Amino acid sequence: MSILIPQELIERLAAARRVAVLTGAGISAESGIPTFRDALTGLWANYDPQELATPEGFARNPKLVWEWYAERRQRIAGVQPNPGHLALAALERRFAQFTLVTQNIDSLHQRAGSLAVVELHGNIARVKCSREETVVNEFPDSESPPRCPCGAFLRPDVVWFGEMLPAAEALARAEAAAGQCEVFLSIGTSAQVYPAAELPLRALSAGATIVEINPERTPLTRHAHFALQGAAGKVLPQLVARLASA
Ligand code: BJW
């Protein structure tokens, strides 16, 4: 089913030179990766986030957390970017300045061909020492979790609740893009987790047009100039096609 995309949105996008995008788990849902908060299929549906995505949870049960991430890493390796990821890669080529900020850790944007990707919550493919924070490229897979030569457990290089965002530099790039863009697209995120959820509000305060693409309403919806209620894998290719003929 085709979603009605207002002509005014196409015109604003066609006139824009600086565009920023924030993506969340919803954009990868159509690739077969469960989201976090969807009640039935979400990753949290069967687990308590406090046990799996906090440093305290890892300290309490490192084996459970390591194995949950190992399972997700394996699942991600077996999926492909979907039409939503591919449409964003195509969109990037159209604008003078285009920044794609993602909360996802799955590399699907990069695999779809996006170049300027800012990863706010790390990347599941990397592993780091839980004490020294250094990235470790080779480790024995006989232990769960394996240990760093310093003796501490290795952990996924992702950002858990209560942790600072890794690269202060990544957050600074995301904030700059949000503050400077003319159009900001928030795609497939429940807009509940900070500081990512603050980015569209920053863009709004700076005068940008805010566009949300999500089948469900979120706390951002009432602030959005355009709320396109549909799946990213359907809406984004339509948006790109309309823009190409604008
Ligand atoms: C579709 C679709 C389709 C489905 N198409 N759409 C201010 C106020 C209150 C609290 C805080 C605050 N500032 C900081 C905090 C604390 C905390 C926080 O935000 N808590 C909130 C829950 C209230 N934030 C932090 O702790 C952050 N750190 C920090 O702020 O450091 C400074 C600090 C330190 C100490 C104390 C205080 C401050 C770190 C946050 C890290 C989040 N980490 C995770 C795990 C990453 C690793 C992993 O993947 O395992 O990141 S949690 C999880 O949530 C993951 C996601 O990236 C993130 C966001 O979720 P997302 O992507 O929005 O997914 P869902 O599932 O929520 O939504 C999916 C959406 O898609 C839905 O809306 C669907 O409808 C939609 N959808 N199909 C389009 N086909």
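Reader: Which elements do the buried residues of helix 1 pack against?

Author: This is a predicted model: local features need pLDDT of at least 70, side-chain atom pairs count only at pLDDT 80 or more, and totals for chains, interfaces and linings use all residues. Residues are numbered from 1 along each chain as its sequence is written, and side-chain values use heavy atoms, with hydrogens and water left out. Contact means heavy atoms within 4.5 Å. Helices (H or I, at least four residues) and strands (E, at least two) are DSSP runs, numbered from the N terminus. Here the partners are strand 1 (18-23), strand 6 (183-187), strand 7 (209-213), strand 8 (226-228) and helix 10 (232-244).

Reader: Which residues of helix 1 are buried?

Author: Buried means under 20% relative accessible area (1.4 Å probe, protein chains only). In helix 1 (residues 7-15), Leu9, Ile10 and Leu13 are buried.

Reader: Why do they line one face of the helix?

Author: The arc is taken from the directions from the helix axis to the C-beta atoms. Down the axis of helix 1, the buried residues fall within an arc of 100 degrees, so they line one face.

Reader: What about a nitrogen atom of the ligand?

Author: One is 2.8 Å from a polar backbone atom of Val159.

Key. Polar contact = N/O pair within 3.5 Å; in protein donor to acceptor, adjacent residues only side chain to side chain. Buried < 20%, exposed > 50% of the residue type's maximum accessible area, 1.4 Å probe, protein only.
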